[in-house]
Amino acid sequence: MKLAKLFGTALVALSLSAPALAQQAAGGQPDQVDQLAQMVGLSEDQQEEIRGILDGMQDEIGTLREEAQALQQKMQGEIKADYDEDAIRDHAEDLGEVTGEIAALSTLMQAKVDSVFTQEQRDELDKKMQQMRQQMQQRQMMQQQGQ
């Protein structure tokens with residue numbers, strides 16, 4: 001279960017950075033699928049399959065994110081002296097549905113990508129993620145000590 005949580009976090013970060021990925025790929029820098037391939041030894045077929053999964057779901061998730069932002073702006077627009085509680089609650093309910101769909105699609109995307117990995121690759125990813133988490137904790141401790 002820890003692997004799924006770590007992998008999920010990595011993929012959420014990956015999915016949130018889709019525009020940056022497109023820019024990196026266009027600029028000739030390695031994208032995150034390439035980096036993942038180097039970390040766990042993905043084959044070319046696995047890389048293509050993962051890219052297909054990500055490409056197939058990014059548009060839908062992006063559209064939903066835009067919808068969520070629009071709903072948040074509508075809610076912000078209701079912050080005024082003559083506010084409409086029903087409108088606020090309606091927007092909040094809609095926002096909940098949209099963010100729930102984003103969470104569902106992100107989880108489905110993670111599960112589909114996870115299914116591409118071999119068990120050895122999952123184990124290697126778990127090991128690398130644990131190392132990265134330890135390094136982040138060490139940096140945080142050093143920063144706290146320096147303050």
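Guide: Of the 147 residues in the protein chain, 30% count as buried, meaning under 20% relative accessible area with a 1.4 Å probe, protein chains only. This is a predicted model, where local features need pLDDT of at least 70, side-chain atom pairs count only at pLDDT 80 or more, and totals for chains, interfaces and linings use all residues. Residues are numbered from 1 along each chain as its sequence is written, and side-chain values use heavy atoms, leaving out hydrogens and water.

Visitor: How many helices and strands does the protein chain have?

Guide: 6 helices and 0 strands, taken from DSSP runs (H or I, at least four residues, for helices; E, at least two, for strands) numbered from the N terminus.

Visitor: What about α4, how far does it reach?

Guide: Helix α4 covers residues 44-77 and reaches 48 Å from first C-alpha to last, close to the 50 Å expected at 1.5 Å a residue, that is, 1.5 Å times one less than its number of residues.

Visitor: Where does α4 bend?

Guide: At Q58, by about 30°, the angle between axes fitted to the seven residues ending there and the seven starting there.

Visitor: Switching topic: which residues touch the most other members of the largest nonpolar core?

Guide: L42, I50 and F117, out of 23 residues. Such a core is a set of buried Ala, Val, Leu, Ile, Met, Phe, Trp, Tyr and Cys residues joined through side-chain atoms within 4.5 Å. α4 gives the most to this core, with 8 residues.

Visitor: And what is I50 in contact with?

Guide: Leaving aside neighbours within four places in sequence, I50 is in contact (heavy atoms within 4.5 Å) with V33, L42, V113, V116 and F117.

How values were computed. Buried means under 20% relative accessible area, exposed over 50%, partly exposed in between (1.4 Å probe, protein chains only).
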